[in-house]
Amino acid sequence: MKQSLLGHLYSHIKGSAEDVATMSLQYIITYYESLNRVYNELMAHKLHCDLPSYIEYECQSIGDEYERPDMAGRDSNGNEVILCEAKFYAGLTANQPLTYLERLRKENGAGLVFICPKERIVSLWDTLLTKCENEDVSEISQCCISVNGTNMAIVSWEETIGVLQMTANTEQKDSCADVEQLEGYCEQIMSEAFIPFKEEDLGAITARKYERYMYIADLLVNTLAADFTVELSTDGLKATPYRHGYKRFFMLNGLAVDFRLDLELWADDKYADTPFWVSFRGPDWNTPECFREAAKCIPATRRVNWTKGNVYLAVDVPCNAMEEDVVSSIKAQMLEYLRTFEHAQSDTRGC
């Protein structure tokens, strides 16, 4: 999926990702009155309270205790009625949430809302509840409580942006591009940020699931070595684990092969959904130009032009298949790729 411009610039923007996302949200709901209205309606729904149809929001409004919520909203009389804290995967500060709630209580404000990725709602809400365990707390709904008489709720970025998009598409079409920029930026943050562990991630089965990818890579090499129709050699070449995966190097019919489990490519939604990628090169471990030309017939989502001119091609993994069938399928794809590059080599007389 193509990135939005703001999403593309994500890694080059200095400062907090949360700050940029918050400033973008604040701009959108300030510049477009209809989006301000639906945003307030969503916040009122989450807080189980009434809010004005129009609220003026500002970013980083510093309070008496030097607390600095991401967004503070004031009604037409200048009364602070809502505080919004934008989170992705950063932790809570010392002021969150109790100092913010006390600030609202003094102002007779409606409530405090945390905005975070939907994947983090459960863990962040549990942390917020723990922070409030010594206060006077009453539950209003599953994700809304009253703390010392002031409401606190949580909502996802996905739901927030979805509500804005719906109104942009139906009532405020000139805002669509801006909302898409915010969506793209948030998606980029969430795709690159640390994802909290879930309880099921820590079981032994997770380790076994990951280990089988390396096992399949090793088994593929052994299976090719046992096939007398091809010549395979691993002399002087070692299996190599690295930060993003696991590599197996070998010579196959005189061509150098790099077969790898690569988490970076697997996680990139520009390319095919597969953990395995392979690169065929000349016997000197360089990629001849004729190989690069031959690879161009492979769809772009299944082909990655890497450093030093090396080309990596996707290797699919059959689902719901037993070990023998998985290795057989991967082997067949490898031999098909091999024939492609052997033909390219012979057509150019050893390019």
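**Salt bridges and a helix pair in a predicted model**

Visitor: With which residue does R74 form a salt bridge?
Guide: A salt bridge here is a side-chain nitrogen of Lys or Arg within 4 Å of a carboxyl oxygen of Asp or Glu. R74 has such a partner, the closest N and O atoms being 3.6 Å apart, and the partner is E80. This is a predicted model, in which local features need pLDDT of at least 70 and side-chain atom pairs count only at pLDDT 80 or more, while totals for chains, interfaces and linings use all residues. Residues are numbered from 1 along each chain as its sequence is written, and side-chain values use heavy atoms, with hydrogens and water left out. The residue asked for is E80.

Visitor: Is E80 buried or exposed?
Guide: Buried means under 20% relative accessible area, exposed over 50%, and partly exposed in between, with a 1.4 Å probe and protein chains only. Because its relative accessibility is 2%, E80 counts as buried.

Visitor: Which residue forms a salt bridge with D262?
Guide: D262, at 1% relative accessibility, counts as buried. Its partner, at 7% relative accessibility, also counts as buried, and with the closest N and O atoms 3.8 Å apart, that partner is R260.

Visitor: Which helix residue forms a salt bridge with E171?
Guide: E171 lies in the loop between α6 (157-170) and α7, and its partner lies in helix α3 (residues 33-47), 134 residues apart; helices are DSSP runs of H or I with at least four residues, numbered from the N terminus. The closest N and O atoms are 3.1 Å apart, and the partner is R37.

Conventions
Helix = DSSP H or I, 4+ residues; strand = E, 2+ residues; numbered from the N terminus.
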